[in-house]
Amino acid sequence: MEGLKRFIGIVLIVIAAIVAIQTIIEPIYHTSTDDSPYSSAWDIINWLSAISIILGLIFGYIRMRRVGADSSVQEFIAANTLCYGFIFVAIMFFWNWFGIMGFASDFTAVSSDTRGLVWILFDAILPPLNIAMGIHLLRASE
């Protein structure tokens, strides 16, 4: 189990790096238009993000459940921040992702500008959450 935790920790850190790098370099090589608002690299990265969110939810919940009365306040805050942080990004991500995949094509309560803002926030929040969880999993397996 320790080897699996270490592997998942590395996977989360790698996905964090991919999301962060793509977010930073996309404006350099891709010009957004109405027909092509984002580069095709996101089609693959979104699947990686979904995997990392699911892993983060699982291990965040496990970590939060293990925090007991004898745990430090710092551990309590860290465990709850990661668990609820992953819940927050899961809601933002899957709402937006299902919207662009056409599952909710009739949903017109928000504009494309709102969806764009949510993507920007998501792309800024996911890497730190993934890195924090990845480092925790790496340290927990030592």
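Reader: What is the span of helix H1, from its first C-alpha to its last?
Author: Helix H1, which covers residues 2-29 and so has 28 residues, reaches 40 Å from its first C-alpha to its last, close to the 40 Å expected at 1.5 Å a residue. The expected span is 1.5 Å times one less than the number of residues in the helix, and helices here are DSSP runs of H or I with at least four residues, while strands are runs of E with at least two, numbered from the N terminus. This is a predicted model, in which local features need pLDDT of at least 70 and side-chain atom pairs count only at pLDDT 80 or more, whereas totals for chains, interfaces and linings use all residues. Residues are numbered from 1 along each chain as its sequence is written, and side-chain values use heavy atoms, with hydrogens and water left out.

Reader: OK, and where does H1 bend?
Author: The bend is at Thr 23 and comes to about 35 degrees, with a proline, Pro 27, following within four residues; the bend at a residue is the angle between axes fitted to the seven residues ending there and the seven starting there.

Reader: Which residues of H1 are buried?
Author: They are Lys 5, Ile 8, Gly 9, Leu 12, Ile 15, Ala 16, Val 19, Gln 22 and Glu 26, where buried means under 20% relative accessible area, exposed over 50%, and partly exposed in between, with a 1.4 Å probe and protein chains only.

Reader: Stepping back, how many helices and strands does the chain have?
Author: The chain has 4 helices and 0 strands, and from the N terminus on its elements run α-α-α-α. Of the 142 residues in the chain, 37% are buried.

Reader: What does Ser 52 touch?
Author: Leaving aside neighbours within four places in sequence, Ser 52 is in contact (heavy atoms within 4.5 Å) with Leu 12, Ile 15, Phe 86, Leu 126 and Asn 130. Ser 52 sits in helix H2 and is buried, with a relative accessible area of 0%. A polar atom of its side chain lies 2.9 Å from the backbone oxygen of Ser 49.

Reader: And Leu 126 from that list, where is it found?
Author: Leu 126 is found in helix H4, residues 112-140, and counts as buried at 0% relative accessibility. Not counting residues up to four places away in sequence, Leu 126 touches Val 19, Ser 49, Ser 52, Ile 53, Phe 86 and Val 89. The C-alpha atoms of Leu 126 and Val 89 are separated by 7.0 Å, although the two residues are 37 residues apart along the chain.

Reader: Is Arg 63 buried or exposed?
Author: Arg 63 is buried, with a relative accessible area of 11%, whereas Glu 75 is partly exposed, at 25%. Besides Glu 75, Arg 63 touches Ala 78, Ala 79, Leu 82 and His 136, not counting residues up to four places away in sequence.

How values were computed
Polar contact = N/O pair within 3.5 Å; in protein donor to acceptor, adjacent residues only side chain to side chain.
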